[in-house]
Amino acid sequence: MAPDPWFSTYDSTCQIAQEIAEKIQQRNQYERKGEKTPKLTVTIRALLQNLKEKIALLKDLLLRAVSTHQITQLEGDRRQNLLDDLVTRERLLLASFKNEGAEPDLIRSSLMREEAKRGAPNPWLFEEPEETRGLGFDEIRQQQQKIIQEQDAGLDALSSIISRQKQMGQEIGNELDEQNEIIDDLANLVENTDEKLRTETRRVNMVDRKSASCGMIMVILLLLVAIVVVAVWPTN
């Protein structure tokens, strides 16, 4: 697997910072002897500009790696700590170049100690967790890629669950719509049946009234017939 470009750039940036510290110390030694150092000054100024550009590149690479999930948030924080340390060194070197800060030999000693730490299996500035202790950069990268793949698989599973739930919700909604249509049809049927029942009830009542009237008429007719019969019946 190809080396991580961020750490390659970080290593070269640390080397530039160490070279700047050595150049500043050399310039100061010449100046104490009363010698002119225009070439060294130009060289140091160019190296400081190169250091500034390298730090800017490291910031850009780190931001891109974090935003595209090429590394975990934990490693992003670790690299940010390394980058912050480089920025601090840059400020110290710039101040020393302007004769406003610490002596360059102190800065160079600090750089050399940090470089020695970089040569160890664990390059971090704070205690390494158990998961990555003793691993090289490539192994850490593989472990992080595995974690990212597992996270992606988890997200895919979650997305599948959400899709199924959405589909179930749509099916339940469709079922409710069908049930509502059935209820509406039943309501219309009940209303029509009720109207027919009221109509038939009115008809029955009308027939009852007519039947009652006919009965009275028949009684009256029978009485009249009886009266007539009595009237015409001969009496002996």
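Hi everyone, let me start with a term: a residue is buried when its relative accessible area is under 20%, exposed when over 50%, and partly exposed in between, using a 1.4 Å probe and protein chains only. By that rule, 23% of the 236 residues in our protein chain are buried.

A word on the source: this is a predicted model, where local features need pLDDT of at least 70 and side-chain atom pairs count only at pLDDT 80 or more, while totals for chains, interfaces and linings use all residues. Numbering runs from 1 along each chain as its sequence is written, and side-chain values use heavy atoms, leaving out hydrogens and water.

Now the fold. The protein chain has 5 helices and 0 strands, where helices (H or I, at least four residues) and strands (E, at least two) are DSSP runs numbered from the N terminus.

Let's look at helix 1, residues 5-32. Its 28 residues reach 41 Å from first C-alpha to last, close to the 40 Å expected at 1.5 Å a residue; that expected span is 1.5 Å times one less than the number of residues. At its start, a side-chain oxygen of Asp4 comes to within 2.8 Å of the backbone nitrogen of Trp6. After helix 1 comes Gly34, with a positive phi near 85°.

On to helix 5, residues 137-232, where we find Leu221. Is Leu221 exposed or partly exposed? Leu221 counts as partly exposed because its relative accessibility is 43%.

Finally, UniProt, in an unreviewed entry, places a "coiled-coil region" at residues 176-203; such annotations may be inferred rather than shown by experiment. In the model, residues 176-203 are 100% helix, with end C-alpha atoms 41 Å apart. Thanks, everyone!

Note on methods: A polar contact is a pair of N or O atoms within 3.5 Å; within protein, one must be able to donate a hydrogen and the other to accept it, and residues adjacent in sequence count only if both atoms are side-chain atoms.
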